[in-house]
Amino acid sequence: MKSLLFVPADNERKLAKAQSCGADALVFDLEDSVLPARKPLARQMLVEYLKTYSGSSQVWIRVNDLACGETLADLAAVIGSAPVGIVLPKIFGPECLERVSHYLDMAETSAGRPLGSTTILAVCTETPAAVLRMGEMPKKPIPRLRGMLWGGEDLSSAMGAGDPRAPDGSWRPVYEYARSQCLLACHALGVEAIDTVYVDFKNPEGCRANSTAARYDGFTGKVAIHPDQVPIINAAFSPSEDEIAFARRVLEAFEGGAGAVSLDGKMLDVPHLKAARRLLAGV
Ligand code: COA
Ligand code: MG
């Protein structure tokens, strides 16, 4: 999944717009974009909406976190709508995934869905404990885990800190650390690595640069908060013509059978060959 567009589940206009946005995934939100008093209404609206949903974007649902006491009500309401998966926010460590995986066993059984059919995207940097315990995640892989994403705003809020970004827009060190931890854990687990939101949704150039940097760093996709960000993210996570042409030249350079070759005056060896093959496999 390259682009995952968040859609507040209690907003009729945004629900109506969502399926024509071209996102690989829509993440219908029951958590932070819905005020507590509107959670029951949001569940109801979403279930009704999904009855007639005919878009080609995968359907994901962000449920409420385990600490707030709403998760079971969310799962009981929405699993019958057969989402591809749920986004689980504010985890504290791998045991949260185990717990929700058991909840899903029950919700799937009672909704008549195949056991294990609902996957999970975990938001793995929203509590200080989760960041500190990131190294435990690959030791307890959960079959349902499809990917992880990271976010800085809730981590900053959990620490009573200020804006997670420095005035130049870069992440302050603790968030950069959390981002790197998430990225490494995803690749250690072999699951999708999803970059966080670019909040300045009226700045397409900034979104493009931010998305390109995320792909360069090894993220496989990125969250969008506004329809305008979707095509930018889709393009940034697709290899450019230049990259494809270069990858083909790398493959040609290795055709002679040597393990190390020179191209444009630079040394290339097996990691470069693997990178070129990986890039072309995704085209
Ligand atoms: N999903 C679907 N449609 C969206 C959308 C979204 N996330 N964000 C905006 N739209 C729609 C609007 O409804 C509007 O369509 P309409 O005229 O038919 O109603 C159109 O796109 C243009 O929207 P715009 O006026 O530019 O933005 P806005 O002021 O309505 O909304 C935000 C701005 C940031 C509040 C909105 O983009 C949003 O709610 N984003 C998601 C927030 C979220 O889920 N946060 C939690 C995850 S981090
Ligand atoms: Mg949040």
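Predicted model: local features only at pLDDT ≥ 70, side-chain atom pairs only at ≥ 80, totals over all residues.
## How to read the model

Local features need pLDDT of at least 70, side-chain atom pairs count only at pLDDT 80 or more, and totals for chains, interfaces and linings use all residues. Residues are numbered from 1 along each chain as its sequence is written, chains are lettered from A and ligands numbered from 1 in the order in which they are written, and side-chain values use heavy atoms, leaving out hydrogens and water.

## The barrel

Let us start with the strands (E in DSSP, runs of at least two residues, numbered from the N terminus, as are helices, H or I, of at least four). Eight of them close into a barrel in the order β1-β2-β3-β4-β5-β6-β7-β8, with parallel pairing; two strands pair if DSSP finds at least two bridges between them. From one strand to the next, the twist averages 25°, an angle between N-to-C directions on a scale from 0 to 180 degrees, with axes fitted to C-alpha atoms.

Strand β1 (residues 3–8) joins β2 through five bridges. Leu-4, for example, has Ala-25 in β2 as its bridge partner.

## Two positive phi values

Ala-82, in the loop between α3 (71–78) and β4 (85–88), has a phi near 55°. Lys-90, in the loop between β4 and α4 (94–111), has a phi of about 50°.
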